[in-house]
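Please open the model in your viewer and keep the sequence panel beside it. The tour goes from one selection to the next and says what is found at each stop.

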Amino acid sequence: MLKLLLLLFSGLKFGKIFMTGGTMLISVVVYAWIFGWRYAVGFVALLFVHEMGHFIAARQRGLPVGAPTFIPFVGAWIEMKQMPHDAETEAYVGMGGPLVGSLGALACYFVARDMGPDGRWLLAVAYGGFFLNLFNLIPISPLDGGRITAVLSPRLWLLGVPVLMAVFWWNPSPILILVAIMAAPQVMKAWKFKANDPSHGDYYQASAETRLTYATAYIGLIVFLSVMTHDVH
């Protein structure tokens with residue numbers, strides 16, 4: 001019986017690895033068909049780095065999470081097996097992805113500069129990484145920006161609505177429509193949000209110092225990514 005359980009456990013672990021590796025490979029093939037294999041590999045690698053930022057942050061806070069899953073043109077996500085107990089933890093996990101992902105894009109940028117003309121494809125990967133992480137910081141749930149700004153106030157999600165509309169006007173995409181559909185319930189929640197509502201419990205309680213720390217990190221990351229996205233483009 002013990003051997004059977006060990007075999008089953010190993011099979012489950014292999015299944016998770018297969019799911020992550022398999023969906024990564026599918027994403028690479030799809031992106032390679034459109035953008036070329038070098039860009040595809042680099043871009044999917046940056047998606048993985050972004051998701052591992054969330055993974056590491058969640059594990060640091062003691063939250064059990066699954067391995068990343070990838071879907072072409074949608075992105076990737078990690079399975080949260082246990083939701084955060086407060087908004088500060090949610091913000092910490094939310095910040096992990098864009099922060100580590102931005103470092104990954106920055107590394108690609110520096111390597112591409114040293115490669116000269118041969119590194120133009122890697123420079124394109126860096127641009128994709130900067131833009132991806134900047135987009136994810138739009139303050140609307142379920143994007144990372146919505147999870148980070150929740151510790152400040154869910155009402156900030158209302159600011160994400162015109163930003164999302166502006167991005168759609170600039171570059172219409174069915175993915176943005178999907179994000180808008182997923183965000184709609186959270187926008188209604190933000191519209192009705194009252195800080196003193198007892199139904200929230202202590203979830204949104206945070207010290208002024210905590211809010212200032214996250215606000216500074218959030219705005220600083222937006223400024224950095226905006227500059228890098230503009231300059232690399």
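Select helix H2 (residues 37-60) and helix H3 (residues 87-115), which pack at an angle of about 145° with their axes 7 Å apart; axes are lines fitted to C-alpha atoms over the stretch in contact, and angles run from 0 to 180 degrees between N-to-C directions. Helices are DSSP runs of H or I with at least four residues, numbered from the N terminus. This is a predicted model, in which local features need pLDDT of at least 70, side-chain atom pairs count only at pLDDT 80 or more, and totals for chains, interfaces and linings use all residues. Residues are numbered from 1 along each chain as its sequence is written, and side-chain values use heavy atoms, with hydrogens and water left out.

Now show the side chains between these two helices, where residues of H2 including Leu46, Val49, His50 and Gly53 meet residues of H3 including Tyr92, Gly97, Val100 and Cys108, contact meaning heavy atoms within 4.5 Å. By class, the contact of H2 with H3 has 10 nonpolar, nine polar and no charged residues; Ala, Val, Leu, Ile, Met, Phe, Trp, Tyr, Cys and Pro count as nonpolar, Asp, Glu, Lys and Arg as charged, and the others, Gly among them, as polar.

Next, select helix H4 (residues 120-136) and helix H8 (residues 208-232), whose axes come within 9 Å and cross at roughly 145°. Among the residues making this contact are Tyr127, Phe130 and Phe131 of H4 and Phe224, Leu225 and Met228 of H8, and the contact divides into 10 nonpolar, three polar and no charged residues.

Finally, colour by pLDDT, the predictor's confidence in each residue from 0 to 100: the protein has a mean of 86, with 92% of its residues at 70 or more, whereas residues 1-12 stay under 50 and have zero contacts beyond four places in sequence.
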